[in-house]
Each structure stands twice: as structure tokens, then as C-alpha cells.
Amino acid sequence: MSTDLAYSILRQLGREKRGDDRLTITGRDDPVFVTPWRIGNAGSAALGAIGLAVSDLWRLRTGAPQTVSVDSHAAAASLRSNTYVLRDGQKPVSWDPLTGHYPTRDGRHMFIHTNHPHHRAGALRIAGAKGETREALAEAVAGWEGLAIEEAIAAGGCVGGLTRSREEWNAHPHGIAVAKLPLIDIVKIGDAPAEPLPKGDRPLAGVRAFDLTRVLAGPTSGRVLAENGADVLHVAAPHLPYQSELLMDTGHGKRCAWIDLTTPAGVETMKVLLKEADIFTQGYRPGTLAGRGFSPEAVAALRPGIVCVSLCAYGHEGPWASRRGFDSIVQNVTGLAATQSSLDKPRNMPVQALDYIAGYLGALGAMVALARRVEQGGSWLVRVSLVQVAHWLASLGTVDATKGVAELPENELLPLLTESPGPFGRLRHLKPVVQLGTTPAYFAKPAEPLGSSPARWT
């Protein structure tokens, strides 16, 4: 199933199966973990498609493809990659204790995300909590109708979502809008001459990727590019909240720099860097960067031939396109969390499949678009969202969750892990999952804290 799924993803991008493709997906079928959703198949398919895209870039460099193999258990584990990180033997804290499900007055459940300080403060204020504890927030939410607090949280610029059934979501205006979208698409946004790949001995050697993303999906996309040789510059601003512990999962192989787009100097620095970039990945809501002069079309005019990758929560069409969201929220509003357990006792999946798969698809789209640039030229826009991944995952159907395991046995998990000493200390983390026959994926440098490197290309 996973191999066919990998080719179905690539087919959406115009890449048909080739006679010399060598993709192998091993390991037993779902369930891997305790979830009814086919996360092993989905993760394996996305990563298998990535492997073929890497092979295609290598073919463009050398004329020869590569063998590609993916283990389904490693793929499933990669969808909870951040949970395996240890820093000097200790697990970093990544979830605020107020994040979670809250019953409402009408018997519904509201999932509220409080991992960023301003979202935490906003949720407490909007709900009318009398204190800053989980108990105080629960008491406040219990006084609201479910739909009312969902709308209030969204209108207040915070993050939350009402737990729905699959049927309820499929009848929702945004669910209907998203159902019409493909899982991933690539759109031509400008003309540019064909451009060969830079010289180098890795599939993405010499390719410059400007990574303006936060949390998991976008940074995961950049990590995939880095593990195949790209020069990835991960950019953040000092005034924006960032869960730095997530860099210990997604920051491998990258350099991290500060750029403040609220200043003219920051805007100018970004323009200079984009003029020399090959890939521009951003994880903000549709239209957010356009106001600062960095819409995909503006970036393509600045640097003809660039590949722009847009990752967001709710997609580029529909009434919720501008709404803030994270994996946990999208799981709830689309019915994945209710199916994981029940509407009365919703529970999120034991993996963050939407984030990681969206990240994988962003990297996949970037590489397919790079191949197009080599063969036909042009500037390209890749579009992926968490909600489109949710719809795709749901379309794969369900399995008996009770046959899954809470955690992989130690003899299966340990071979998937590695250690990297660096600025964060000694990090234990997952190795790259996609196995390539000629150019094995690896990280050329350890993860580093935000702002560690200058804002320039190597």
C-alpha cells in the first residue's frame, strides 16, 4: 500500500513511475502505534516519495538513479520525532501544562493551545479565567457554548478548536472547501531560464534554502533538505516566541540566524539573501508576508527561478484560510481526535502526523520544483497545509488501533537513533529515515540555538 501511495503523491506533481525506479518499503503494516489512522503507511509513502525525488535530482547530476528504501516503523517513529530527543540524557519540556481539552457548557470539548506565551495569556483572558491554572481555565471554558468560544479564541488571534466528528467536519464550510484541494500542488508563478543544479557531490549540494518557519512542519521540511546536502539558513526574529527545544529535533544540519522584518535593515537583509536563494520556505498564514513585500510573486520577481514553499494550517482556500492553527488543533476540528477515542473523551493521536507529513511534503515539492527548474525553467510555488494532510490521512481509512504498541521495542528503536554533540550539548535524536543507495543522508553539522550564525550564505 505504501509504495502505491508514494507514487500517487508524486503523480499529483506530474511525476510518473519510471522503469528504473528502485523504491522498497519494508516493515509490517499499520497499526504501528495505538491509533486507528494509517500513520505508518502515510509516513512511509511521504518519505518514499522524498527518496524518489532525491534520486531524480541525483539522476539530473549524474545520469544514474539511486535505490531508495524506507522502513515503516522508522517512518512512523519519525512522526513523533521530537519525543525521542534527549539533551545530555534529559528530555526537554515542550508542552505548556494548560494545553489540552476542556469541556464546554453544551457538552462539547474545546482544545486550546497555550505553548506560546501570548497564546496562553490570550486564552486565559478571552475565556475569562480567574487564575492562571488549568483548573481556572477549565472553570471558565465550562461557562461557554463550544462554537462561541471557538470563534472567540480565533477572533482574539489565539489558537484553539472545537472537537468535531468526521461527519460534522465534512459538512463544515471549510471542510467542504478543503475537500476540493489536492494533497499538494505546484504552481508556476514566473518565467525564468532553465538552470542547472550547482556543482557538488550530494543531491542538494550548493542549493541554498531560506527557511522562515517555526514549530514543526516548516522546520522539518528544511531538515530534509539539509540531510541531503542543502545549505539551509533557518531565520527567526528575537521578538517572536519560539520553542527552542524543537530545534533539537528539526535544527540538524542547519545554520540559524536572526532577521527582524519589522526593521528596514531586516527587510533589506532578507531581500539580499533571497536574491541568491534557490528555495524559500515560509510557514505563515496566506498573505501574511505579502504585506512586507514577500509574496511568492514578489519573491519570484526578486529572484527569477526561485522555488517558494508555503506551509500553513488551513490551506489557501476556504473561510478558515487565515485562521491560526497547529497540528493538535487540526486533529480536533477535522475529526481525527474524535476517531482516535470518542467525541465524549477525545484524544489526539500519539504522533504529530500532520506536522511531520506536511513538512515532508514541503521538502518533496521543493525538490520536484527544482527538477522542473533544471528541465524547463520557471519560478514555482509549492502549497501544503496541515488540514490537507488531515483529509488525505482520513481518506486512507482506519485499522484496529488495539493491535498497535505504545512504543517501539528497544531493539527496534535504538538502531533508529544517533547522538550529536554540539552547542546544545549531547543530543540523542532520530537518524534520517530514507535510506539512499549512493548518497546516504546525513547532517553535516549539529543543531544550534537561534541566532548562532550570521545572516549570510556560506
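A: About 140 Å³ of space lies in the largest cavity. A cavity here is a set of points, on a 1 Å grid over the protein atoms alone, where a 1.4 Å probe fits but cannot get out. The volume is the space filled by probe spheres set on the points, with grid points joined across faces, edges and corners. The lining consists of 16 residues, and Arg 223, Glu 227, Lys 431, Pro 432 and Val 433 are the closest to the centre of this cavity; a lining residue has an atom within 4 Å of a point. Two elements, helix 9 (217-227) and strand 15 (425-430), each give two or more residues to this lining. Helix 9 supplies the largest share, three residues. Helices (H or I, at least four residues) and strands (E, at least two) are DSSP runs numbered from the N terminus. Sorted by class, the lining has eight nonpolar, four polar and four charged residues. Ala, Val, Leu, Ile, Met, Phe, Trp, Tyr, Cys and Pro count as nonpolar, Asp, Glu, Lys and Arg as charged, and the others, Gly among them, as polar.

The model is predicted: local features need pLDDT of at least 70, side-chain atom pairs count only at pLDDT 80 or more, and totals for chains, interfaces and linings use all residues. Residues are numbered from 1 along each chain as its sequence is written, and side-chain values use heavy atoms, with hydrogens and water left out.

The count comes to two cavities of 30 Å³ or more.

Next come the pockets. A pocket is an open set of points with protein on both sides within 12 Å along at least five of seven lines. The largest pocket has a volume of about 830 Å³. It is lined by 37 residues, with Arg 214, Gly 283, Tyr 284, Arg 285 and Thr 288 the closest to its centre. Helix 4 (117-127), helix 9, strand 9 (231-236), strand 12 (307-312) and helix 15 (353-376) are the elements that give two or more residues to this lining. Helix 9 gives the most, with three residues. The lining of the largest pocket has 21 nonpolar, ten polar and six charged residues.

The second largest pocket contains about 390 Å³ of space. Asn 82, Thr 83, Ser 94, Trp 95 and Gln 352 are the closest to its centre among its 22 lining residues. Helix 13 (residues 327-333) provides the largest share of that lining, three residues. By class, the lining of this pocket has eight nonpolar, eight polar and six charged residues.

As for the chain around these spaces, there are 17 helices and 16 strands. Its radius of gyration is 21 Å, close to the 23 Å that the globule rule gives for 458 residues, so the chain is as compact as a globular protein of that length. The radius is taken over C-alpha atoms, and the rule is 2.2 Å times the number of residues to the power 0.38. Buried residues (under 20% relative accessible area, 1.4 Å probe, protein chains only) make up 60% of the 458 residues.

Conventions
Buried < 20%, exposed > 50% of the residue type's maximum accessible area, 1.4 Å probe, protein only.
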